[in-house]
Amino acid sequence: MSAKLKINTDLAKTILTGFIHSEITRAGFSRAVIGLSGGIDSALSCVLAAEALAPENVLAVRMPYKTSSIDSLEDAQRVISKTGVQSLTVPVTEMVDPLFERFPEANAMRRGNIMARARMIVLYDQSEAFGGLVVGTGNKTEILLGYSTLYGDSACAINPIGDLYKTQVRQLSTALGVPDEVISKAPSADLWAGQTDEDELGFTYEDVDKLLYLIVDERYSPAECVDAGFPQEFVQKVITRIRRNQFKRILPPIAKLSNRTIGYDFLYLRDWGT
Amino acid sequence: MKKTIALAQINTRLGDVQANLEKHLMYVERALVAGASLLVFPELSLTGYALQDIAHAVSHRPTPEDEIFAPLLAASRELDLVVGFVDEDQRHRFYIAGAYLSGGKVLHVHHKVYLPTYGLFDEGRFFAWGDSIEAFDTPLGCAGLAICEDFWHASPPYLLWLDGADILIFTSASPGRGLTDEPKLESARWVEHINQAYASLFTSFTVHANRVGYEDGLNFWGGSTVFDPNGNLLVRGPYHEEALVIAEIDLNQLHRTRARLPILRDERTGLVQRELERILNKNGGGR
């Protein structure tokens, strides 16, 4: 891991647990709901939320599809057992299969998006049932690359880990005692057998995090990234991905007509008044 | 002469001036118990920081008639106070402001002269730029007030020093940023660094009150400090936690330090003025 990407995990934990506690309680809640996939990102969010709010105030929801890997379910259980959070298993098979049957030609992208959005429906329903806010699990790498489903796995009330690159997520997860099985396995959206993020993206998180750090945090130009040793094609591919996925990172633009328009000149933080 | 200074390293409620006032008065009680002569609150302590469009709804005038300032002025009969607020002038310009209250009176109001409007900051969009840097007399001696970005520039502390300030009072609502493998954030490291530098360069007391808490995704890191005229750290508050931070300062240290190190005596202000004029003329005038 690049020295510049190394983080002080105690400080990160202090800031992120404080953030979760502050932003959930001032919204009038004391509990959190998290979709636990068995992967490292949701495991870390779960550990942080349990630390911030106490385990009994966190509901971890496992939402397998019938083809989901049994390892994912077991790894999620490891996180539940380790943290002592409340848990629930709600398979999405019965929710999504009718749509898959209606559109049998739907490709893997469509099917993956449908599953991600079905899980969002379950989480937001549990948000109301459990009385907790949905805590997000998207990291900085995937947000920048747009490697997520809009209104699916990216939907949340707050996101504690969205300013940590994937390799930093690994570092913090190790420090906070996320089970080894979860940390060491290849990251995967688990939409089909053998799928891995790195195969699909075409590069490793280790490599892309170093490049993203230069582009985003250090404001390197593409030419400077190439000078720093990254292949031109890789740099261009990543920069294009970042630009093309900007739409996933902002609220839909509202067409301005009046003198005061939400998003342009009606500006308030969400913490307004609290 | 020894004096106790207290720094109210508080969290605030965004846009809820009444709730913030109540917290101020609570900290006044605590500071009195601690025997403090001066209690310093952070930047925008009465309103919260990232006000955006709330800014115009939470302004107050530092007068005895104002419902928020009346109890603060009353409290200032027992100890001096520095509070942060939004000031609206007669012509309805809004400023990020700090007021020094003492003996039931407003001794000084400072309008922030540097409004960061870059990166995560957007102050210039919502606030007017202050236009003066002046030291003022207090029961503790001559002091100067600067607010956050004001002391990221070297000139306001320098001017306060030349104008007579022996106690530099800095207030901040500094968003934490720059997580590395170090135990403190880069923003914290930088601010502490320059506070120590000002104390050393100006052989003055440098007092910094920074807030804590969160506003949406922003965290405020606290770590309020007092440095003495030798540049030694007298106290540092905890990071990311509310605290009343207490320091005892020995005003005689000014005498001892400046006897050893007469930087103020030797400062060539005429030279500065001549060179500044030359530089500004060369560049077609300054801002």
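I started at the interface of chain B and chain A, where the rule finds one salt bridge (a side-chain nitrogen of Lys or Arg within 4 Å of a carboxyl oxygen of Asp or Glu). The model is predicted; local features need pLDDT of at least 70, side-chain atom pairs count only at pLDDT 80 or more, and totals for chains, interfaces and linings use all residues. Side-chain values use heavy atoms, without hydrogens and water.

I looked up the partners. A:Arg260 and B:Asp53 form a salt bridge through their side chains, at 2.5 Å, N to O.

By class, I noted nine nonpolar, six polar and nine charged residues on the side of chain B that touches chain A. Here Ala, Val, Leu, Ile, Met, Phe, Trp, Tyr, Cys and Pro are nonpolar, Asp, Glu, Lys and Arg charged, and the others, Gly among them, polar.

Next I checked area. Chain B and chain A bury about 2,000 Å² between them, and carbon and sulfur atoms give 57% of this (accessible area, 1.4 Å probe, that two parts lose on being put together, summed over both). In chain B, the most area is lost to chain A by B:Leu179, B:Tyr214 and B:Asp216, together 33% of what that side buries.

Then I turned to helix H4 of chain A, residues 93-102 (a DSSP run of H or I, at least four residues, numbered from the N terminus). Its buried residues are A:Thr93, A:Val96, A:Asp97 and A:Phe100. Buried means under 20% relative accessible area, exposed over 50%, partly exposed in between (1.4 Å probe, protein chains only). Seen down the axis of H4(A), the buried residues fall within an arc of 110 degrees, so they line one face of the helix (directions from the helix axis to the C-beta atoms). On the other side of H4(A), I found A:Glu94 and A:Arg102 exposed.

Key. Residues are numbered from 1 along each chain as its sequence is written. Chains are lettered from A and ligands numbered from 1 in the order in which they are written. Helices (H or I, at least four residues) and strands (E, at least two) are DSSP runs, numbered from the N terminus.
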